[in-house]
Amino acid sequence: MTLASAPAATESCNSFIPPSFDVNKVEIISDRPDCATFVFTDEDHTLGNALHYVLMKNPKVDFSGYSIPHPSDNRMNLRIQTKSNITAQESLLQGLTDIKDISRHIFETFNNALDQ
């Protein structure tokens, strides 16, 4: 199952996905809405560690962990378990939004420092 075809995906979640994003890059392995494994293709520790960090800062997330199955494998597995009031997919989308906001803040702070 891909991110775009997931049953828990709503129009608001799908509108977050930029048009240039390859939805086949993420596969969802789940049998419950509160617990899922997301398999990212062509991603590594950079995204895995950042997502794990912001997900664990979310009080609605019980568990987050990622692994790279093998160094020569171009996949990253991310496991998310949430409390019952939010789905794993919603927490993933929130985590990606948080990373985007943090990156934007760092970029703006850096550029402001250069202008001074």
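Read from the N terminus, the order of elements is α-β-β-α-β-β-α. This is a predicted model, so let me start with confidence.

The mean pLDDT of the protein chain is 85, and 80% of its residues reach 70 or more. The highest confidence is in strand S3, at 97, and the lowest is in helix H1, residues 11-16, at a mean of 46. Residues 7-15 have pLDDT below 50, and that stretch makes nine contacts in the model beyond near neighbours in sequence.

S1 pairs with strand S2, residues 35-41, through six bridges in the antiparallel sense. Isoleucine 28 has phenylalanine 38 of S2 as its bridge partner. S2 and S4 also run antiparallel and are joined by seven bridges. There, valine 39 is partnered by asparagine 77 in S4. S3 and S4 are antiparallel too, with six bridges between them. For that pair, the example is tyrosine 66, whose bridge partner in S4 is leucine 78.

Between S2 and helix H2 there is a loop, and aspartate 42 sits in it. Its backbone is worth a look: aspartate 42 has a positive phi of about 60°, although it is not a glycine. Is aspartate 42 buried or exposed? Aspartate 42 is exposed, with a relative accessible area of 52%. The cut-off for exposed is over 50%.

That leaves the helix packing. Two packed helices are described by the angle between their axes and the distance between the axes. For helix H2, residues 45-57, and helix H3, residues 88-115, the angle is about 105° and the axes are 9 Å apart. Angles from 65 to 115 degrees count as roughly perpendicular, and H2 and H3 are therefore roughly perpendicular to each other.

Which residues meet in this contact? From H2 they are Leu47, Ala50, Leu51, Val54 and Leu55. On the H3 side they are Ser91, Leu92, Gly95, Leu96, Asp98, Ile99 and Ile102. By class, the contact of H2 with H3 has nine nonpolar, two polar and one charged residues.

Two totals to finish. Of the 116 residues in the protein chain, 31% are buried. Taking contacts between residues at least 6 apart in sequence, 51% join residues at least 24 apart.

How values were computed
Residues are numbered from 1 along each chain as its sequence is written. This is a predicted model: local features need pLDDT of at least 70, side-chain atom pairs count only at pLDDT 80 or more; totals for chains, interfaces and linings use all residues. Side-chain values use heavy atoms; hydrogens and water are left out. Axes are lines fitted to C-alpha atoms, for helices over the stretch in contact, and angles run from 0 to 180 degrees between N-to-C directions. Helices (H or I, at least four residues) and strands (E, at least two) are DSSP runs, numbered from the N terminus. Angles under 35 degrees count as roughly parallel, over 145 as roughly antiparallel, 65 to 115 as roughly perpendicular and the rest as oblique. Contact means heavy atoms within 4.5 Å. Ala, Val, Leu, Ile, Met, Phe, Trp, Tyr, Cys and Pro count as nonpolar, Asp, Glu, Lys and Arg as charged, and the others, Gly among them, as polar. Two strands pair if DSSP finds at least two bridges between them. pLDDT is the predictor's confidence in each residue, from 0 to 100. Buried means under 20% relative accessible area, exposed over 50%, partly exposed in between (1.4 Å probe, protein chains only).
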